[in-house]
Each structure stands twice: as structure tokens, then as C-alpha cells.
Amino acid sequence: MTEPEFPPTPTDGQHKPDRAQDSPDGTQDSPDRSQGGTTELKAKQTPLEQMGGTTGLVYMALPIVAFVLANASLGLMAAICTAVGVGVAISVLRLVRKEPIQPALSGLFGVAVAAFVAWKTGSAKGFFLTGIWSNVALCAVFLLSLIVRRPLAGIVWGALNGTGTSWLKDKPSRRYYDIATLALTLVFAARVAVQQWLYDEDHTGWLAVAKIAMGYPLLALAFLVVLWAARRSGKRLKEMGQRQPAASS
């Protein structure tokens, strides 16, 4: 008679089934961990995503295009009403579709102010005057921050990300943010130079093209420089923080 066979007892060298499945990074998946990761991904949005992505850029351009086309065919007052109407329609559409409403409201406010200036000046090119003024002011403020050695790009970045201004004590970090601030200053200066020239030459259609082309796309390029500065500075501050405990011990 043969003896009954029993399943082998697991040893240390054999695989034991786990109750939870391991994830690729070696940790166990859990509902809390997966939800936390999703929340973290949602929180880390780029400026383009916060504006509504490429759709947000289209929404930003529509009132400007509508103003120029209506002005060419129907006159200034019709163009003002058309631009404001398109801005209101976009805000309502984003609200109905449950999209971020803040960029739409900001855009609507900008369109309303620009339309008011165009109405007061009695000229279609006045629609773009507030944009030129705002870029003059921004260029002056960012340039002044460079002169006083308080680069505004770093201060704004620290305020938005909660990292503060500890980088001001580190000369290389301050130099990184000097470069980023200079990049933003050049963006604002380029807008003023091009759009003021078109304004003086009464090229209303080209003013619209310049405002769109030199808007968020050009600002996104400068933001890449800000991101580079933030990463270089963050790496330096992290290394400095790791060396200080070792030096004190």
C-alpha cells in the first residue's frame, strides 16, 4: 500500500502567495495609495492645463478674431458687441460643460475692458491698447526686480509652490532666477515693441495676429526657463540641506 501524498509545506526558499498584489515598483497596491496617486496627478497641472488646454487657447483667441472680423464688415460698435457677446457665450459654455471657469471669467473681463477702451477712443485699434499698457507695466516691474536683485520669477514661483524665498541666500540660485526673470522681461518687451509699432501703423488685423501669437505660446517658452531655474535651484538647496547635518555632526 502506498502512503498518501500531502502537498509540500512552503519553505523559506519557496514563493508564498500574498494577500495583496505587488505593484511594479515593489510596493503593494492599496485603494488608499492608488487614490492618493490619482489626487497627486490631478494636483500637478501645467499652466496650459489650468487654462483648459488647447481648447482654452482657442477660447482666448475667439473674441479677438470676432472683433476684427466684425469691425471689418459691420463697424466698431458691432465689433465691440460681438466680442463681448462671444466672451459671454464662452463663459456660459464652459460653465455648462463644467470646465474651469476662472480663465473664462478673466478673459471676459479683459475683453470687456478692451472693448470699453475701444469705445472711448472711437478706434478699433484701441481694443488692443490695454494689452500694450499691461505689458509695459509687467516689463517695468520684472526689470526693476532684476535691478534690486530680487528676481520676480523666483518670488512668484516660491509663492505658488510654497517653497518660500530661501533661494535668495544662495547666489547660484539667485542667478538662475535672474535668467528666468530676464526671459519673462524680454517676452513683455517684445510684445510692447511689436504691438506698439503695429498700433502706430494702424494695422488692426495684424495687431490681432500678434496678440494671439505672442500671448500664451510665447509665455510658455519663458515658463520653460522658469521651470529650468526652479529645478536647478531646488537641486542645489536639497544638496546643501543634506550637507549641513553631516557638517554639524
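Asp170 is buried, because its relative accessibility is 6%, under the 20% limit. The model is predicted. Asp170 forms a salt bridge with Arg236, and the closest N and O atoms are 2.8 Å apart. Arg236 lies in helix H10, while Asp170 sits in the loop between H7 and H8, so the pair ties together parts that are 66 residues apart in sequence. Arg236 counts as partly exposed, at 27% relative accessibility.

Helix H10 covers residues 216-248 and also holds Ser233. Ser233 counts as buried, at 2% relative accessibility. Which residues does Ser233 touch, leaving aside its neighbours within four places in sequence? The contacts are Trp167, Ser173, Tyr176 and Tyr177.

The structure holds three salt bridges. One of them joins the side chains of Asp202 and Lys125, at 2.6 Å from N to O. Asp202 lies in the loop between helix H8 (171-200) and helix H9 (204-213). Lys125 lies in the loop between helix H5 (102-121) and helix H6 (129-147). The pair therefore ties together parts that are 77 residues apart in sequence. Lys125 is buried, with a relative accessible area of 17%.

Another salt bridge links the side chains of Asp178 and Arg149, at 3.1 Å from N to O. Asp178 is in helix H8, and Arg149 is in the loop between H6 and helix H7 (152-161), so this pair ties together parts that are 29 residues apart in sequence. Arg149 is partly exposed, with a relative accessible area of 38%.

Key: Residues are numbered from 1 along each chain as its sequence is written. This is a predicted model: local features need pLDDT of at least 70, side-chain atom pairs count only at pLDDT 80 or more; totals for chains, interfaces and linings use all residues. Side-chain values use heavy atoms; hydrogens and water are left out. Helices (H or I, at least four residues) and strands (E, at least two) are DSSP runs, numbered from the N terminus. Buried means under 20% relative accessible area, exposed over 50%, partly exposed in between (1.4 Å probe, protein chains only). Contact means heavy atoms within 4.5 Å. A salt bridge is a side-chain nitrogen of Lys or Arg within 4 Å of a carboxyl oxygen of Asp or Glu.
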